[in-house]
Amino acid sequence: MSRIRSRNTTPEKIVRAELWRRGYRYRLNDKRLPGKPDLVLPKYRAVIFINGCFWHGHRGCPKYVEPKTNAGFWKEKIARNIARDELNAQRLDTLAWTVITVWECELSKKNRDATIARIEADLRAAKEKYDKWTALRRESREYAREQARKHREILAQVEAEQSLPKSLRRYAKKAQEEE
């Protein structure tokens, strides 16, 4: 497992190269956002997660096969990854970011063009959503204050999780769930 990379994977490079070629500009692995998204497109207020089918439990995919050895460990690990992905998506949605998930199997040569076209359509929709959200914030002071409060809460949680050593994060999550 020490050879498993979390950054600069082949699927990430494929998506990055294609989006760059089409004129989209992005940031990589922004630590300030929940889940450290693989690609962040601030202009569109969108983030892209490029998930490996095995590691993130892509059900129904030929690349996701439940391991036969040490099955309990792997089921638990993949379930934690799925739960973490859902939590990060909820947090990003609350912060008015559009979450786009791309699976490794969608980037095969025969599906690649359709996947990139889907990403482009999602980015256009994200831009429209962001423009509406911005207009609503300008119109209503109460809405803007509520959004700012939620934003501060979530960013404080993310910062607290990142500042704890890995060995203590698990205990902090359990304590937070019990409250």
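**View 1. Strand E3 is largely enclosed by the rest of the structure, because six of its six residues are buried.** The model shown is predicted. E3 covers residues 46-51. Both of its faces are covered. On one side lie Ala46, Ile48 and Ile50. On the other lie Val47, Phe49 and Asn51.

**View 2. Strands E2 and E3 form a hairpin.** The two strands pair in the antiparallel sense, over three bridges. Leu41 stands opposite Ala46 of E3. Four residues lie between the strands. Arg45, in this turn, has a positive phi of about 50°.

**View 3. Strands E3 and E4 run parallel.** Six bridges join them. Ile50 stands opposite Val102 in E4. To get from E3 to E4, the chain passes through helix H2, residues 71-94. This β-α-β crossover is right-handed.

**View 4. Helix H1 spans residues 10-21.** At 1.5 Å a residue, its 12 residues should span 16 Å. The end C-alpha atoms are 17 Å apart, so the model agrees with that expectation. Which residues of H1 are buried? They are Pro11, Glu12, Val15, Arg16, Glu18 and Leu19. The cover over these buried residues includes strands E1 (27-28), E2 (39-41), E3 (46-51) and E4 (98-103), along with helix H3. Just after H1, Gly23 takes a positive phi of about 95°.

View 5. The model has five aromatic pairs. One of them joins Trp20 and Tyr26, edge-to-face. Their centres are 5.7 Å apart, with 80° between the planes. The charged end of Arg25 sits over the Trp20 ring, 3.7 Å from its centre. Is Trp20 buried, partly exposed or exposed? Its relative accessibility is 43%, so Trp20 counts as partly exposed.

**View 6. Tyr130 and Trp133 make a stacked pair.** The ring centres lie 6.0 Å apart. The planes meet at 25°, under the 30 degrees that stacking requires, so the pair is stacked. Both residues belong to helix H3, residues 112-139. They are three residues apart, so about one helical turn separates them. An α-helix has 3.6 residues a turn, so residues three or four places apart point the same way. Tyr130 is partly exposed, at 22% relative accessibility. Trp133 is buried, with a relative accessible area of 15%. The cut-off for buried is under 20%.

**View 7. Three aromatic residues form one cluster.** They are Phe54, Phe73 and Trp74.

Definitions and conventions:
Residues are numbered from 1 along each chain as its sequence is written. This is a predicted model: local features need pLDDT of at least 70, side-chain atom pairs count only at pLDDT 80 or more; totals for chains, interfaces and linings use all residues. Side-chain values use heavy atoms; hydrogens and water are left out. Rings of Phe, Tyr and Trp (its six-membered ring) pair if their centres lie within 6.5 Å; planes under 30 degrees apart count as stacked, over 60 as edge-to-face and the rest as tilted. Buried means under 20% relative accessible area, exposed over 50%, partly exposed in between (1.4 Å probe, protein chains only). A charge sits over a ring if NZ of Lys or CZ of Arg is within 6 Å of the ring centre and within 35 degrees of the ring normal. The expected span of a helix is 1.5 Å times one less than its number of residues. Contact means heavy atoms within 4.5 Å. Two strands pair if DSSP finds at least two bridges between them. A crossover is right-handed if, with the strands pointing away from the viewer, the path from the first strand over the helix to the second runs clockwise.
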